[in-house]
Amino acid sequence: MIVTIFLLLILYFMIYSSIFWLLIMLKYRNDIFVDPKPIKCKSISIVIPAYNEENNIKNSIDSCLKLDYPNDKIEIIVVNDGSTDNTRSVCEKYSKKGKIKLINKKNGGKALALNDAIEISKGELIACLDADSFFERNSIKNMVGYFEDNATAAVTSTMKAAEDSTFIQKIQYIEYLFSIYLRKMMSFINVLYVTPGPGSIYRKSVLEEIGGFDPNNLVEDTDIALKIQKKGYKIRNSVNSCVYTKTPEHISGLVKQRIRWYGGYLENILGKHRNIIFNRKSPNLGFFLFPTNFIWLVSMFFLTLLFIYDISNVVLGAITNFIEVQFGVIATYNQYGFNFNPLNFFFGFLIIFYVISILIIYVSFSISRERINKKFHVLIYLFIYFPLITTLWILSVFVSIKRYFIKSDSGWEKQKAT
Amino acid sequence: MGKTEGNLSVYVVTLVLSTIIFVAGLLLGVYFSNVRVDEVEIKNMNLERHINDIGVETLLYNENPTDLCEFLQDRVLSLTGELFVLEGKIISIESERNLNSENFLNVKKDYTLSLIKYYVFSQNVKQQCNNANFSIIVYFYSKDCDKCEEQGYILSYLKSVLKNRLLIIPIDADLDLSSINLLKNIYGVKKYPTIVIDSEVHNEFKNKSEMLSILCEKVYFRNDIICS
């Protein structure tokens, strides 16, 4: 009985959360695809930190060179963070022709690399690009216009997965499409709390004001976004600026990546940036977004546990049956199996979530300008995604707890930048 | 560009809309739950009528002792199909999560009462007829019972093999019915599972081979495949 009530509360919350973002979209529907035009093009420094990216760095740099933006307003700075492969020689091909500035330094992590580049940068804006990601031609010009508003400190781009060859990549591809929708909605009420490594643009003066990137943070892009929010600035988003990023091909890579992301999120929210929760200065963030994130997490845990519990009951029952009766399992199925009836107490909610899911999928695909001929992935995604992500979150919680008690050092070389 | 603050109205509209949707889903769920319980209730009433029909026939037999034995035995055993279906539906409703247990509990009580009546009539026929070829098992179970699940599987298996020559009367000992308490007194039921096979009381869990050794002693089962 208590379980049923708890389940109903969770269902109510999930309905509320989904409807809220759909209504935000309704309210701001005329602003989704429109980015403000810059009065004049601001100067921008693109910073690419690289560690052992000999295969990918060429694509990144080339995409910057091909940007549709006045050449004299762009400067490209690549930081070779002590790579042990041929990254340096690949970059020197460009630096020798004067197309990029190259900083070679001893390995010190992504945050320090970025800070070094910012120090020598000349642009009014700083754009960060990961060495395994690349810009679309018109990305930068669509994002720059937001900086006309002095309250804007950062603009995030539309991040898409560069490949969807493996099964794990196909799931991530859909996940990124959904994030595109969610991020744009979050930008309308200024609750973006991550400025993703690949493809975010910052106002240089603000970066200097908040002291640059924190080398001791697992997720420096979350940390910097939260620092920006706490200062009262705005973080915006453009759906017309695509950045393509590499995604882990196999489950092992995904696990490593997510443990870093989710663990970093937890460490920031529960530690350094704890005071943003219930903070009156940013009510949307403090009273809505982070509390609802937390409730989503608890709900997913609960639903997954419930699901495992139900399934194991069925499996245990079948095993017990087999043990007691050896070959009589069929008899029991005849008695109980035929009576499964989907028209039960939760059927109404099943319909509701089916409809809401279709709406969200349709909206996500529309905003990210994708065609729904990838139907098959979506169905698999719906079934696999939540249990998968919940498992990764549970792992991350354990790893975070372990890290908290055994303060280990995590240099960038131990985890490939993802 | 839209405002970034001052979205209180969206929160409020979402609250209203979500509540409406949620209540709609809840009502739909309650409706479907009730439909299933009502279906069981109707099947119950039909079962009750069929049992009464047999009951009247057994009374007529006692008044007029002509040899109606074979006929009555057939009549008693003819209900097994209907019982099988009804029991399955009740079990599937019980195993699901929902909110309106009160209604269902009453339906289950009606069903159990019909079963007890059926038990009395079938026992009557078996006692009066010398060459009865079926066995009756009353199976007392409870929530608070270690081996009830296993016992249930074994009884289902025996039922599927011996088909309508084995009548199984499952009694949920947790139901609050006076006749159930009386039955428990009559058979001295103190712990669960308790199995009463043709009025012989067995106070503990019986596994497959133990059950077979008891049943295979009966004349009418001796030549069955499972008894060889």
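## Strands of chain A

Strands β4 (residues 125–128) and β7 (residues 200–203) of chain A run antiparallel and are joined by four bridges. Across this pairing, A:Ile126 stands opposite A:Tyr202 in β7(A). Helices (H or I, at least four residues) and strands (E, at least two) are DSSP runs, numbered from the N terminus. Two strands pair if DSSP finds at least two bridges between them. The model is predicted: local features need pLDDT of at least 70, side-chain atom pairs count only at pLDDT 80 or more, and totals for chains, interfaces and linings use all residues. Residues are numbered from 1 along each chain as its sequence is written, chains are lettered from A and ligands numbered from 1 in the order in which they are written, and side-chain values use heavy atoms, with hydrogens and water left out.

Both strands belong to an open sheet of eight strands in chain A, with mixed pairing and the order β3-β2-β1-β4-β7-β6-β8-β5. At its edges are β3 (101–105) and β5 (133–135) of chain A, each of which pairs on one side only. On average, neighbouring strands of this sheet are turned by 30° against each other, direction ignored.

## Helices on the sheet

Helix α4 (residues 110–120) of chain A lies across β1 (44–50), β2 (74–81), β3 and β4 of chain A, and runs at about 135° to β3(A). Helix α8 (residues 220–230) of chain A lies across β6 (152–161), β7 and β8 (234–245) of chain A, at about 155° to β8(A). Axes are lines fitted to C-alpha atoms, for helices over the stretch in contact, and angles run from 0 to 180 degrees between N-to-C directions.

Helix α12 (residues 347–367) of chain A packs against helix α1 (residues 8–63) of chain B at an angle of about 140°, with the axes 6 Å apart. The two helices are therefore oblique to each other (under 35 degrees counts as roughly parallel, over 145 as roughly antiparallel, 65 to 115 as roughly perpendicular and the rest as oblique). In α12(A) the contact (heavy atoms within 4.5 Å) is made by A:Phe347, A:Gly348, A:Phe349, A:Ile351 and A:Ile352. From α1(B) come B:Ile21, B:Phe22, B:Gly25, B:Leu26, B:Leu28 and B:Phe32. These residues divide into nine nonpolar, two polar and no charged; Ala, Val, Leu, Ile, Met, Phe, Trp, Tyr, Cys and Pro count as nonpolar, Asp, Glu, Lys and Arg as charged, and the others, Gly among them, as polar.

## Disulfides and other cysteines

Over all chains, the structure has three disulfides (cysteine sulfur atoms within 2.5 Å). Those of chain B follow the pattern 1-2, 3-4, 5-6, with bonded cysteines counted along the chain. B:Cys69 is joined to B:Cys129, S to S 1.6 Å; the torsion about the S-S bond is about -130°, so this disulfide is left-handed. B:Cys69 lies in helix α2 (residues 69–77) and B:Cys129 in the loop between α4 (101–128) and β1 (135–141) of chain B, 60 residues apart. Both cysteines are buried (under 20% relative accessible area; exposed is over 50%, partly exposed in between, with a 1.4 Å probe and protein chains only).

B:Cys145 and B:Cys148, also both buried, are linked at 2.1 Å S to S, and this link is right-handed, with 100° about the S-S bond. The disulfide of B:Cys216 and B:Cys227 has an S to S distance of 1.8 Å and is left-handed at -80°. B:Cys216 is buried at 15% relative accessible area, whereas B:Cys227 is partly exposed at 22%. In chain A, the sulfur of A:Cys242 is 15 Å from the closest cysteine sulfur, in A:Cys64, too far for a bond. A:Cys242 is buried, at 8% relative accessibility.
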